[in-house]
Amino acid sequence: MKLRLSVIILIVFMFLLSACGKKEIEGAVNWPVKDFSATSNDNKSFALKDLKGKIWVADFVFTNCADVCPPMTANMTKLQKMVKDEGLKNVEFVSFSVDPTVDTPEKLGNYAKQYGADLHNWTLLTGYSQEYIEKYAMNTFKTLVKKPVEGDQVIHQTYFYLVGPDGKIKKSYSGFKDVPYDEIIDNIKTLQ
């Protein structure tokens with residue numbers, strides 16, 4: 001009888017412990033972020049090591065974009081404000097330019113300021129080749145970036161990517177229309 005009671009207590013205890021475990025993000029992909037080397041909007045060297053141990057949200061934009069980038073950047077600004085209003089700490093925002101030959105650090109900084117971005121925890125990146133960003137986007141974020149031979153509009157997808165403090169991409173979300181702000185905030189809280 002004592003053995004049976006002990007087994008039942010042990011099972012209940014294990015169940016309770018499992019309920020206290022760390023919550024996971026539903027549908028997390030856990031793609032590792034490959035190292036990169038870039039120049040920030042404040043004309044400083046910036047690499048993956050600068051984000052080590054931090055939660056960050058990334059996107060791919062360019063300053064001459066005629067259609068999707070302005071709403072994406074406005075949406076990222078809104079998300080940044082929501083993160084601040086929620087009191088969430090250690091969250092960074094990173095925008096990779098998909099048109100690095102045009103987007104200088106100064107141009108990126110001015111672009112971000114037009115949208116009211118807080119550049120204390122939002123870094124816009126350039127300083128790499130077009131070929132590099134196209135391969136990096138595909139190999140790391142599984143997203144398309146392609147600058148056509150004709151014209152100045154770079155083809156790219158419109159996702160926000162949530163990266164955990166472990167350096168792995170957890171999830172992607174629409175960054176253009178119907179942005180799931182509450183889900184992103186909840187997922188950031190889960191990672192903290």
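Guide: On a 1 Å grid over the protein atoms alone, a pocket is an open set of points with protein on both sides within 12 Å along at least five of seven lines, whereas a cavity is a set where a 1.4 Å probe fits but cannot get out; lining residues have an atom within 4 Å of a point. The structure is a predicted model, in which local features need pLDDT of at least 70 and side-chain atom pairs count only at pLDDT 80 or more, while totals for chains, interfaces and linings use all residues. Residues are numbered from 1 along each chain as its sequence is written, and side-chain values use heavy atoms, with hydrogens and water left out.

Visitor: What volume does the largest pocket have?

Guide: Grid points are joined across faces, edges and corners, and the volume is the space filled by probe spheres set on the points. For the largest pocket, this volume is about 150 Å³.

Visitor: Which helix gives the most to the lining of the largest pocket?

Guide: The lining includes Gln80, Lys81, Val83 and Lys84, together with Asp118 and Asn121. By class, it has 3 nonpolar, 4 polar and 4 charged residues, where Ala, Val, Leu, Ile, Met, Phe, Trp, Tyr, Cys and Pro count as nonpolar, Asp, Glu, Lys and Arg as charged, and the others, Gly among them, as polar. Helices (H or I, at least four residues) and strands (E, at least two) are DSSP runs numbered from the N terminus. With 4 residues, the element that gives the most is H2.

Visitor: Which residues is aspartate 118 in contact with, leaving aside its neighbours within four places in sequence?

Guide: Aspartate 118, one of the lining residues of the largest pocket, has its place in the loop between helix H3 (105-114) and strand E6 (122-126). Its C-alpha atom is separated by 9.5 Å from that of phenylalanine 93, 25 residues apart along the chain. Contact means heavy atoms within 4.5 Å. Leaving aside neighbours within four places, aspartate 118 is in contact with Gln80 and Lys84.

Visitor: Is aspartate 118 buried, exposed or partly exposed?

Guide: Buried means under 20% relative accessible area, exposed over 50%, and partly exposed in between (1.4 Å probe, protein chains only). Because its relative accessible area is 28%, aspartate 118 counts as partly exposed.

Visitor: Is glutamate 92 buried or exposed?

Guide: Glutamate 92 has its place in strand E5. Not counting residues up to four places away in sequence, it touches Leu51, Lys54, Ile55, Trp56, Val57, His120 and Asn121. With a relative accessible area of 14%, glutamate 92 is buried.

Visitor: How far apart in space are lysine 170 and asparagine 30, C-alpha to C-alpha?

Guide: Lysine 170 lies in strand E10 and counts as buried because its relative accessibility is 8%. Asparagine 30 is in the loop between helix H1 (2-19) and strand E1 (31-32), and is partly exposed at 35%. Among the residues that lysine 170 touches are Ile25, Val29, Asn30 and Leu191. Although 140 residues apart in sequence, lysine 170 and asparagine 30 have a C-alpha separation of 5.0 Å.

Visitor: What positive phi does aspartate 178 have?

Guide: Aspartate 178 has its place in the loop between E10 and H5, and is exposed with a relative accessible area of 75%. Asparagine 30, which is not a glycine, has a positive phi of about 55 degrees. Aspartate 178 is not a glycine either, and its positive phi is about 50 degrees.

Visitor: Which strands and helix do the buried residues of H5 pack against?

Guide: Helix H5 covers residues 181-191, and its buried residues are Tyr181, Ile184, Ile185, Asn187, Ile188, Thr190 and Leu191. Leu191 is also among the residues touched by lysine 170. The buried residues of H5 pack against strand E4 (55-61), helix H2 (69-85), strand E5 (91-97), strand E9 (159-163) and strand E10 (168-174).

Visitor: Which residues does isoleucine 155 touch, not counting those up to four places away in sequence?

Guide: Isoleucine 155 lies in strand E8 (residues 155-156) and is partly exposed at 43% relative accessibility. Its C-alpha atom is 7.4 Å from that of leucine 144, 11 residues apart along the chain. Isoleucine 155 touches Leu144, Val145, Lys146 and Pro148.
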